[in-house]
Amino acid sequence: MAFVFSSLKVLPVVRSSGVRFFSATASRMDNVETTLNPTGYSVISMNKGPANSLNMEFIQELTQSVRKAEGESKGILLTSSLPTIFCAGLEITEMYKPDMVRLREFWSSLQDLYLALYGCRVPTVAAINGHSPAGGCLLGMCCDYRIMVGPKYSIGLNETQLGIVAPYWFKDTMVQTIGSRQAELSLTLGLMYTTEQALSLGLVDKMVSDKDEALVEAEKMLIALMRVPSEARHVSKMSIRKDIYDRLSAGKQEDIDYFANFIVQSVIQKPLGQYLDALKNKKKKKSV
Ligand code: CO8
């Protein structure tokens, strides 16, 4: 049995593994729950049913949560409150027949989330407890270490399967994670990998059998990272990540312009609409 501190009240929380997981409730937004663990790190849990798809408001909540956790705690554990989905990537309806003003703000918000997480000053570990396509995979790759539940879930940058193209900063982050050759194969084919495949490619660092185990392993890695002198750890991390981080920081506006012009082309809108229909029809097929 473990305990959750809520408004200074200690509340018991039972975990199926019996792991003692002490935490203090810090804040709750519409779709993001953040708890402060007494070990000193924040657990940021995405909770936007049914799939944690990233619409603009959710993205902004996540950025706020990451920045707050970075300022107020010693590390971040990113996970999902949903049972089988870590994050379904970008909310496709944000990009299909979009309102142009919102589209630009949506993309700017995503850039901010990326920069906040990718360059985060405190250690970040993703406990990927379900499917993690496209933008979900990106969130995982932004973290310093990835633990994924297997074997049944999938992860990858599948953008080309939707008829869209992973932006250069998605691509560069993947190249940095799994190397140029595998990233090229992965992006051109729009591959989704099983947890086992992702592990063998280095797309994730550890495979576990359930979420409780993922949380335990994530805590171990966070403690190890938190023990390293923080400035040296962060400067080392950014010495690897700086080029991608700086290129996007300096080129945000140009990237927004490119995205906004790209996404509205009929050659892009058409397959996107078809993909969206296929997603919706999947439910109808399941129910017959
Ligand atoms: N956007 C909107 N709705 C979604 C999304 C999404 N990304 N993913 C799932 N949903 C919805 C489904 O339509 C469904 O809605 P409803 O209940 O109303 O029918 C609900 O969420 C649940 O989905 P499923 O029934 O499919 O749930 P499953 O557990 O069977 O499957 C998956 C979960 C594997 C996550 C599956 O939903 C899936 O594959 N979703 C699509 C994921 C995807 O392809 N995302 C890519 C988005 S694009 C992106 O992130 C980067 C874009 C970069 C743009 C660059 C342009 C230049």
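I looked up the crossing of α1 and α2 and found it left-handed, a term I use if the near helix is turned anticlockwise from the far one by less than a right angle. This is a predicted model, in which local features need pLDDT of at least 70 and side-chain atom pairs count only at pLDDT 80 or more, while totals for chains, interfaces and linings use all residues. Residues are numbered from 1 along each chain as its sequence is written, and side-chain values use heavy atoms, with hydrogens and water left out.

Helix α1 (residues 56-72) packs on helix α2 (residues 100-118) at an angle of about 25 degrees, their axes lying 9 Å apart; the two are therefore roughly parallel, the word for angles under 35 degrees. For contact (heavy atoms within 4.5 Å) I noted I59, L62 and V66 among the α1 residues, and F106, L110 and L113 among those of α2. By class, this contact has nine nonpolar, three polar and five charged residues.

I then turned to the sheet, which is open and has three strands in the order β8-β10-β11, with mixed pairing; strands pair if DSSP finds at least two bridges between them. β8 (132-133) and β11 (193-194) are the edge strands, and β8 runs parallel to β10 (residues 154-156), joined to that strand by two bridges.

Just after α4, G179 takes a positive phi of about 95 degrees.

Definitions and conventions. Axes fitted to C-alpha atoms, helices over the stretch in contact; angles between N-to-C directions. Helix = DSSP H or I, 4+ residues; strand = E, 2+ residues; numbered from the N terminus. Parallel < 35°, antiparallel > 145°, perpendicular 65-115°, else oblique. Nonpolar A, V, L, I, M, F, W, Y, C, P; charged D, E, K, R; others polar.
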